[in-house]
Amino acid sequence: MGDAEIIPIGTRGKPGRGTGKAPSSAARGLAAGGRSAEPTDPPTDPPVDPPADEAIPPAAPGEPGAPEAPVEVDVEVEVEETAVVAAGTSSVAARERHPLAGIPVSAWLSAFQQAAVEVFGEHWEPRLAQFLAFLRRRVTGDYVVDEYGFDAEITQSFFMAALRPIAQQWFRIELRGVDNIPTDGGALVVSNHSGTIPVDGLMTMVSIHDATGRHLRPLGADLVFRMPVVSSLARKSGATLACSEDAERMLRDGELVGVWPEGFKGIGKPYSQRYKLQRFGRGGFVSAALRTGVPIVPLAVVGAEEIYPLVGNIPALARLLGVPYIPITPLFPLLGPLGLVPLPSKWLLEFGEPIRTDEYDDGAADDPMLVFDVTDQVRETIQQTLYSLLVQRESVFR
Amino acid sequence: MSGGGGKVVLVTGVSRDLGRRCARAIAEDPSVRRVIGVDVVPPRGDVGGVSFVRADIRNPVIAKIIAKEDVDTVVHMSVIATPGTAGGRSTMKELNVIGTMQLLAACQKAPSVRDLVVKSTTTVYGASNRDPAMFTEGMEPRRAPRAGYAKDVAEIEGYVRGFARRRTDVRVTMLRCANVIGPHVVSPITSYFRLPVVPTVLGYDARMQFLHEDDLQAVLQHAVSTDVAGTFNVAGDGVLMLSQAVRRLQRPAVPLPGFAVGSLGSALRSARVADFSPEQQSFLTYGRGVDTTAMHEVLGFRPRYTTAEAFADFASGLPPTGGRAERALAGVAERLPSTPAYAAPSALPGAPGAVGGDDSTVLSLAAARTPARSARAHRGQGGGRRG
């Protein structure tokens, strides 16, 4: 600041304005020992100094447009002036050093410690060490994924942490019947599907994880694994392809598997058909549960229909891109990226009574009539739960 | 190796390094009396107790060798994966498919043949977004391979199944091996990982399984000595993600969109640096996992190396070209005011069914080690770490 070059206005600006080195007359007038600052920098003073002694002259003679200036100039000048005076009185060394060079290491360390306490709390050392160890594990690849590519560490410490505020603050998810989720062993959570993009799956994952500590392993359509980025995120967060091989394998391994049998018919249905369950696929999920003898937990999700009310579709573009539909919502193409913000509807998740499948005999999974019966039973349960939740709900957003 | 009883084993494809080493390993088995190595060019290294016969399996002369030497076990390893080594795709196809046909025809005519062991590959399952997570032996590829190595292998397997139908008295064991990896292996996947900067497919992360070269020898040895018939997936336990593997190598990865990886691959192929066949590109995109339950329970083979250990052994021979971030973090960790060594939060329930990284669950900061090259102090001040 001391060296800043201030281009004086008009005739070198002598009357009111200080140059870089010389204090302005206003400052000199204010300062008690106003002259004391002067001796430190006499050489820079131009020879035409004397008039500068006078108290603020309104304007330099012959300078046009100056009259209204003094008030503004005054304010600026004072700020500059204090700095100059401070520099002049403290020491010369302060002016020459590099901004960072002079701060002692101990000061850095204590600042760092304070920051660490601020971020990590009282026991910051182990916490920071943990965090560093986590970072190093990630950077060196020293972590374990299971055979589906599920990365429990990053899912817990990153994906869940990112989704949790959305679930709790934005959608204010309310869970009912959490006790119906088995605490261990395989189980198949069957849910309705809605919301144009599968946000309901993500929210179900984070809600179940927070309520029971178990990871829901979703079964996704093959489209999920064809799309870049989505594909790798899906595998890392525990999803796998919705095929009978994977479903049975996971259920046999005692995982909590999530399935949305409506698929694209469910999430891509128009807003006018909200909360009307679509066809439940071919009942493949029931055969998987029957083969492995795990219970089916029906889940009804209310609220996801309203986040992106689907009012239209661009089939030609969808075909071109190879996706099932290109949604048009009241906000989406209209507001651009802002239209991607989901509406903050209030969500209710109700887990129904588990439907046991271990009582049927061995060939049950190959009995199409039985499979259809169980499928219908699950579908009816979810549909009835949806209706009763809708009755209980005060309004969409509350 | 001398004396009356014991098997006489014919091994094809011994000119290549893996084939030569496997033939030697089989020769060391006490139940094997004699090993005859067959190939069109002599092997470049020491073949030990293997007697080499220069013959082309595409030629009926192979039948004479089988008859003359009274061969009772045939180990077919002469399936090549890269057109580069054979001198063109048509030669490769001829070697692979016609060679197998001739060999099987010769075996069918030879009454002395009792066992046939074929080294196949998990490439037959293909790699696509519609794949199940783990292929079992009974599954088919979701899309039939249209060209290249995968198609060759599919055809070879077809011929082998046909042979098994016609000669029901011959025990046929087909080993579908995952990508073989190790310090000495030269293959498309190892030359890919040997690139100083590893191109990956943007937005995808492939699951991979590896088989250590020592385990390949061991499994062939095991398949010769046992009498279990059938088709088996052979792979190390556990799964590595491609991104994880590249990080363990401490090499920088460059994510490129899929089409760019393809054109880069053909450029690298013409420069003879690496070979990116279409099936390898889809493998690097979608990855593949095979179920090895049958290998453990029916075949009774247990690989010594897990996937992660096999990869670590491969990586230990490669100098890191990246890893700056890790070094910076290690530096910060060292400069931290004295922190007692502690166990990392074991609250994370290690993914169920996950194997191959028991060292990573308990990981103290001070003893945090790079998995790939823990033995080597890679920063010149490795001794400075608090223990």
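**Overview.** I'm working from a predicted model. For chain B I counted 13 helices and 13 strands. Of the 387 residues in chain B, 48% are buried. I also checked contacts in chain B between residues at least 6 apart in sequence, and 80% of them join residues at least 24 apart.

**Domains.** I looked up the assignment for chain A, and it lists domain 1 (25-96), domain 2 (105-140) and domain 3 (152-307 + 342-392). Taken over C-alpha atoms, the centres of domain 2 and domain 3 of chain A are 39 Å apart.

**Helix pair.** I wanted the geometry of helix 6 (residues 152-170) against helix 7 (residues 199-212) in chain A: the axes sit 9 Å apart at an angle of about 100 degrees. Therefore helix 6 of chain A is roughly perpendicular to helix 7 of chain A. Helix 6 of chain A brings A:Met160, A:Leu163, A:Arg164 and A:Ala167 to the contact, and the residues they meet in helix 7 of chain A include A:Leu202, A:Val206 and A:Asp210. By class I get 6 nonpolar, 2 polar and 2 charged residues for this contact.

**Strand 2.** Next I checked strand 2 (residues 187-191) of chain A: 5 of its 5 residues are buried, so the rest of the structure largely encloses it. A:Ala187, A:Val189 and A:Ser191 point one way, A:Leu188 and A:Val190 the other. What does strand 2 of chain A pair with? It runs parallel to strand 5 (residues 256-259) of chain A, with 4 bridges, and A:Val189 has A:Gly258 as its bridge partner there. Strand 2 of chain A is also parallel to strand 6 (residues 296-302) of chain A, joined by 4 bridges, and A:Leu188 partners A:Ile296.

Technical notes
Residues numbered from 1 in each chain as written. Chains lettered and ligands numbered in written order. Predicted model: local features only at pLDDT ≥ 70, side-chain atom pairs only at ≥ 80, totals over all residues. Helix = DSSP H or I, 4+ residues; strand = E, 2+ residues; numbered from the N terminus. Buried ≥ 20, exposed ≤ 12 C-beta atoms within 10 Å, placed from the backbone. Contact = placed C-beta atoms within 7 Å. Domains from an automatic or database assignment. Axes fitted to C-alpha atoms, helices over the stretch in contact; angles between N-to-C directions. Parallel < 35°, antiparallel > 145°, perpendicular 65-115°, else oblique. Nonpolar A, V, L, I, M, F, W, Y, C, P; charged D, E, K, R; others polar. Pairing = 2+ DSSP bridges.
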